[in-house]
Amino acid sequence: MNKKLENLGFEKDRTIETILLTKKQGQINLAPIGIRRKEQDFLEAKIYKTTQAYSVLNEGDIVSLNLTNDAELFFKSIFDKKIETEDFKIKKSDYIIKSRCKRIIEKENYIITHLIPKEVIKNKETKKGYCRANSAIIEALVYYTKLDYEKRDKVERKITQAKKVVKKTGGEKEKELIKKIISRI
Ligand SMILES: Cc1cc2nc3c(=O)[nH]c(=O)nc-3n(C[C@H](O)[C@H](O)[C@H](O)COP(=O)(O)O)c2cc1C
């Protein structure tokens with residue numbers, strides 16, 4: 001398991017942006033969540049209490065961490081949630097790490113959960129090259145979701161920077177996504 005996680009970029013102290021899939025009473029929730037490799041045998045997530053993910057997660061639950069670089073999947077998991085899933089995974093994700101939520105530490109505004117990886121599943125091969133516009137969209141989404149507690153000026157500044165990168169390096173898809181993000185600020 002250790003090697004498998006390292007091969008996916010989960011080296012000690014690194015954070016990988018995933019889409020967390022949780023299921024409660026048959027209802028699936030998807031949310032982008034940064035997952036950090038803390039120790040050999042567990043991953044860690046910090047989940048704000050403002051999220052739906054927080055309200056559905058319980059100790060002992062099985063969750064799936066969906067790995068993808070696709071900015072559109074991150075976008076949809078925040079906004080319309082129209083993402084196809086099957087067998088506890090996002091159809092379009094590259095890898096899935098099924099994990100068990102072992103421990104929840106309660107803080108005032110967030111929880112820390114320890115996730116024990118149980119199974120790594122390869123879903124889809126990605127052979128796409130690196131495009132800065134894709135990362136710029138994900139960065140813009142991170143700031144968009146901080147609107148409730150970051151200064152609005154800062155969020156707008158960061159999203160404007162992302163827009164410049166998208167203008168320079170993005171295709172139609174990324175240009176459309178950044179337009180939609182800006183229209184929602
Ligand atoms: C790349 C990325 C990483 C994020 N990481 C976290 C995180 O680690 N913890 C968290 O609480 N929110 C994080 N967010 C914000 C949540 O994904 C966002 O609040 C989302 O709307 C929650 O969805 P939900 O309310 O359906 O659970 C992140 C957003 C992005 C775009």
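Biologist: What covers the buried residues of α4?

Modeller: In this predicted model, helix α4 takes up residues 132-144, and its 13 residues reach 18 Å from the first C-alpha to the last, close to the 18 Å expected at 1.5 Å a residue. Its buried residues are Ala133, Asn134, Ala136, Ile137, Ala140, Leu141 and Tyr144. What covers them includes β2 (27-39), α3, α5 (152-169) and α6 (172-184).

Biologist: Within what arc do the buried residues of α4 fall, seen down the axis?

Modeller: An α-helix has 3.6 residues a turn, so residues three or four places apart point the same way. The buried set of α4 includes Ala133, Ile137 and Leu141. Seen down the axis of α4, the buried residues line one face of the helix, because they fall within an arc of 160°.

Biologist: Which helix gives the largest share of the side of domain 1 that touches domain 2?

Modeller: The domain assignment gives domain 1 as 2-122 and domain 2 as 132-184, and the C-alpha centres of the two lie 23 Å apart. Nine residues of domain 1 are in contact with nine residues of domain 2. On the side of domain 1 that touches domain 2, the largest share, five residues, comes from residues 71-78, that is, from helix α3.

Biologist: What is the radius of gyration of the protein?

Modeller: The secondary structure comes to six helices and eight strands, which follow the pattern α-β-β-β-α-β-α-β-β-β-β-α-α-α along the sequence. The globule rule gives 16 Å for 185 residues, and the protein comes close to that, so it is as compact as a globular protein of that length. The radius of gyration is 16 Å.

Biologist: Is Aspartate 87 buried or exposed?

Modeller: Most residues other than glycine have a negative phi. Aspartate 87, in the loop between β5 (85-86) and β6 (89-90), has a positive phi of about 45° although it is not a glycine. With 9 other C-beta atoms within 10 Å, where 12 or fewer is the cut-off, Aspartate 87 is exposed.

Biologist: How many other C-beta atoms lie within 10 Å of Phenylalanine 88?

Modeller: Phenylalanine 88 is also found in the loop between β5 and β6, and has a positive phi of about 70° although it is not a glycine. Phenylalanine 88 is partly exposed, and the number of other C-beta atoms within 10 Å is 16.

How values were computed. Residues are numbered from 1 along each chain as its sequence is written. This is a predicted model: local features need pLDDT of at least 70, side-chain atom pairs count only at pLDDT 80 or more; totals for chains, interfaces and linings use all residues. Domain bounds come from an automatic or database domain assignment. Two residues are in contact if their C-beta atoms, placed from the backbone, lie within 7 Å. Helices (H or I, at least four residues) and strands (E, at least two) are DSSP runs, numbered from the N terminus. The expected span of a helix is 1.5 Å times one less than its number of residues. A residue is buried if 20 or more other C-beta atoms lie within 10 Å of its own, exposed if 12 or fewer, and partly exposed in between; C-beta atoms are placed from the backbone. The arc is that of the directions from the helix axis to the C-beta atoms. The radius of gyration is taken over C-alpha atoms; the globule rule is 2.2 Å times the number of residues to the power 0.38.
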